[in-house]
Amino acid sequence: MCSRRVRALLGARHSNVRALRGTRRNKWLVAALVACGLASACSQYNTNLTVQTSSSSVSFLSPSTAPAGGSGFTITVNGAGFVTGAIIIWNVGASQTQLNTTLVSSVELTAPVPASLVTTPGTVQVAVQIPGSATSATSNIYNTTTTEISNVVFFTVSPPPGPAPTVTSLSASTTSQASTPYCSATGITLTVNGTNFVNSSTVNGVAVGASTVFWNGAARPTTFVNATQLTAQITASDTAFSGTATVSVSNPAASASPGTSNSLPFTMTTPAPLAAPGVPTLSQTSAAVGSPALTLILAGNNILPCSVAQWVSVSNATTPLATTYIPGTAGGAASLSVTLPSSDFVAAGTAQVEVVNPAPGGGASGGSAFTISPPAIASVTASSTASCTLTGLTLTVNGTNFVNGSVVNWNGSPRVTTFGSATQLTAQLTSADTAFQGTLPVTVTTGPVLSNSFNFTVTAPTALPVPAISAILPANATAGTSAITLSVTGGNFLPCSVVQWNGVNLPTTFDSTTQQLTAPVPATDILAVGTAQITVFNPTAGGGGGASAASAFPIVAPTITSLSASSTSTNSAPSCGLSGLTLTVNGSNYVNGLAVNWNGSPRPTTFVNATQLIATLSPADTAFQGTAGVTVSSSTTTSNTSTFTMAAPSSLPVPSIASLTPSHVVAGNPGFLLGINGSSWAPCTVLQWNGSGRTTLFVGTTGGAAAISAADIALSVTVQVTGVSPSPGGGASNAIAFPIFAPPGSGTGTASAAGDLATPTQSADSRYSVFVLASTDGVTEVPGSIENIFVRDTCTGVSSGCSPSTTLESIGFNTNPADGNSISPSISADGRYVTFISSATNLVASDTNAAADVFVRDTCAGVASGCLPSTQRVSVATNGTQANAASTSATINGSGRYITFRSAATNLDPASSATTGLFLRDTCAGVTSGCTPSTQQLQ
């Protein structure tokens with residue numbers, strides 16, 4: 001029981017432990033023990049307790065003040081020595097409150113302070129309690145722990161703020177009303193009536209300002225009269241123009257009634273008619289072109305707060321100026337301060353400055369002249385006038401109207417310029433500027449404005465030495481290549497030294513740092529193999545000078561010393577490789593732009609360095625066994641020839657053919673490129689046409705293409721196509737039959753309705769022609785690519801308004817390129833309709849029969865309007881059923897309505913017979929009504 005009382009007393013006094021020191025602390029402890037009565041019941045408790053000095057401290061609070069009656073908030077305590085379990089104590093003492101504390105770090109705690117703790121103005125003591133960190137000094141089993149408490153920091157609960165100020169009425173000293181005539185020269189004293197105005201005061205030792213009157217949002221000098229009245233000084237500029245201003249009052253945040261009042265309007269009314277201003281007197285009447293912005297003071301009669309100055313430029317354009325009214329002092333006249341921007345000084349000439357007073361009355365004054373002067377040169381001096389110096393010279397230009405930014409020009413070209421003053425500039429001329437004697441003009445520009453021209457004479461130098469050449473780079477040039485630049489080193493080189501090529505001066509540049517000369521040599525000077533003579537010449541004016549001894553400059557041909565292949569590192573390689581090879585050419589006199597030639601034909605060449613080139617050879621280049629001649633050439637000369645051997649390859653496979661594209665043609669058609677699809681093809685594999693070789697393009701191991709001439713397909717026969725690879729290994733592939741169909745002639749009976757069934761490739765008037773090309777543009781053939789149908793409008797017979805053009809007709813219904821070959825075209829007499837055979841599956845929708853079909857294209861040729869080019873499939877049954885086998889040999893009649901074709905399909909005319917044969921398709925082209933497209937078998 002006694003121990004609890006002691007601990008209670010300890011707890012009650014512990015918050016003041018820092019206030020207890022020395023004797024007072026001991027007396028308190030004795031009093032606590034006496035309260036216990038020193039009864040024997042207390043003897044079992046340890047009484048040897050020590051009051052600990054806290055290891056925690058509080059530095060500051062945030063916030064440190066809050067208004068009484070305000071809402072709750074979160075307080076942050078900053079200090080040191082905070083640990084888990086630390087508690088912020090609010091109002092340390094008998095009625096203290098432990099706040100719900102969060103440990104942020106060892107130097108920061110936070111806790112919510114409820115609104116109930118800040119209801120009364122006053123000062124609150126805040127501290128931090130650190131529990132369980134001090135123990136008694138004995139070893140008794142009833143040892144007791146204490147808690148620590150930090151220093152105290154004060155928190156201020158301030159009185160609640162009073163109401164914000166209000167404005168109830170305004171009056172001017174001139175009118176006793178909330179209005180005054182505008183453009184008064186004296187301004188006004190404004191009386192503001194209202195409530196809750198405050199005077200200057202001090203709160204907690206800090207000065208707090210008084211109420212302030214705001215005019216259109218800007219503070220004005222304010223005098224506190226009492227809590228219901230203020231006066232403010234409103235300048236003449238504030239009331240210079242007609243309109244309404246807003247007036248409000250603001251009290252400081254720390255005052256008893258903080259905040260901003262409502263706003264009331266104050267009106268500037270129309271004055272009596274204003275006087276017209278007189279012609280102004282200017283504080284400055286001129287400036288140089290390119291001057292920066294400047295401030296000008298205007299004095300004169302009838303200058304008012306509403307007066308505005310304006311600028312009438314050299315080009316007679318009028319613009320207002322930024323104008324400030326300056327009241328007169330001690331009864332003196334008022335004036336205006338205006339800012340002239342730098343943009344007013346870009347052109348030379350005379351401008352005008354005017355003053356304008358507004359209505360009523362008012363008007364514009366006459367203009368005062370303001371001169372913008374161009375730069376002018378009075379004299380030019382230099383550190384030296386002798387030509388051909390190594391250092392150049394410093395040019396001093398004297399004159400007037402110079403500004404920072406003015407530039408000295410030497411013979412029309414700007415030079416690095418230093419601004420000294422409005423009357424002096426200096427410019428640095430390089431040694432190249434003064435390399436030669438003569439008289440050159442000096443000018444100064446400021447922006448676009450040019451000064452007068454002043455002639456400066458560069459005089460003859462003293463006697464110059466004779467130059468001497470020690471080295472020339474490059475040491476030679478390869479004949480027939482591009483221009484080169486010579487770099488010449490030696491002695492006695494000067495800015496006026498000139499490199500000569502066979503006695504002819506070259507454009508020469510002197511490097512003042514290395515004292516080297518550089519000179520470009522045009523390609524025309526190095527076309528042929530030979531030797532040029534290089535000299536350097538110094539002028540002889542002033543005595544001395546002259547030409548150096550000549551140095552020989554060889555113009556040489558490239559040479560080859562050795563060849564090597566990337567695959568063998570020797571000058572030979574197996575022939576018939578699938579990837580060609582990279583050829584390294586070693587030699588001399590190589591430059592960028594030379595070409596490596598393979599058997600006389602240039603190949604893609606890469607320049608490595610002066611002794612090595614690399615050329616890329618295609619599989620076709622190395623398809624044969626034997627030797628090839630390799631040379632290196634420029635536009636005018638060729639090297640020696642070096643031999644490269646294509647040796648026998650390892651055993652080649654036997655090629656095979658799976659299919660040909662196209663699979664057939666009509667006799668009499670033009671020549672074409674035959675596509676080969678197979679396997680085991682090599683670059684040296686040759687397509688044979690009935691046992692006779694044809695020029696063959698290798699695309700890959702799956703085949704290639706071969707050129708078939710018109711003579712090869714002149715007759716209606718079946719040709720055997722094979723592919724043959726040479727030994728070792730190799731041999732002939734399987735044979736593929738290639739039919740050449742005869743053009744169908746005129747029929748009888750029902751077939752006669754088709755008219756002429758020949759296979760024309762030109763319209764009747766020869767304007768339109770149709771052709772096949774492995775191309776997408778109808779011009780550039782891409783061997784091995786898909787073959788397409790094109791129509792050429794030659795404009796034959798058209799007098800004007802026609803430009804020849806080529807149009808792709810075998811095009812997918814979704815405008816994508818055809819995905820298969822199209823061949824054997826035929827065109828109608830008027831050139832509008834074109835029929836052809838195609839293995840493409842995307843020319844029309846729902847083409848899923850995986851067979852070659854016949855198509856007709858309406859090109860809309862000759863139709864003025866209302867026609868959209870379209871494609872339809874011809875090799876279908878009357879009911880639209882697609883053919884169940886391939887169709888070939890299509891021809892179109894003159895009108896374009898009837899098309900005949902052959903087909904292996906058995907389902908095109910079920911009413912006739914389920915056999916292959918010749919069919920007629922009526923497309924109904926040209927028939928406006930009563931016609932249904934149909935297909936019938938002719939034989």
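Biologist: Is C931 buried, partly exposed or exposed?

Modeller: Keep in mind that we're looking at a predicted model. C931 is partly exposed, since its relative accessible area is 22%, and buried would mean under 20%.

Biologist: What does C931 pair up with?

Modeller: General idea to begin with: a disulfide is a covalent bond between the sulfur atoms of two cysteines. In our case, C931 forms one with C924, and their sulfur atoms sit 1.9 Å apart. C924 is buried, at a relative accessible area of 10%.

Biologist: How many disulfides does the structure hold?

Modeller: Six. One of them joins C183 to C306, with an S to S distance of 1.9 Å. That pair links distant parts of the chain, 123 residues apart. You'll find C183 in the loop between strand 12 (179–181) and strand 13 (188–195), and C306 in the loop between strand 25 (294–299) and strand 26 (308–312). Both C183 and C306 are buried.

Biologist: And which residue does C576 join?

Modeller: C684, with 2.0 Å from S to S.

Biologist: Why is the disulfide of C924 and C931 called left-handed?

Modeller: Look at the torsion about the S-S bond: for C924 and C931 it's about -75 degrees, so the disulfide is left-handed. The C183 and C306 link also has a torsion of about -75 degrees, so that disulfide is left-handed. For C576 and C684 the value is -90 degrees, and their link is left-handed.

Key. Residues numbered from 1 in each chain as written. Predicted model: local features only at pLDDT ≥ 70, side-chain atom pairs only at ≥ 80, totals over all residues. Heavy atoms only, no water. Disulfide = S-S within 2.5 Å. Helix = DSSP H or I, 4+ residues; strand = E, 2+ residues; numbered from the N terminus. Buried < 20%, exposed > 50% of the residue type's maximum accessible area, 1.4 Å probe, protein only.
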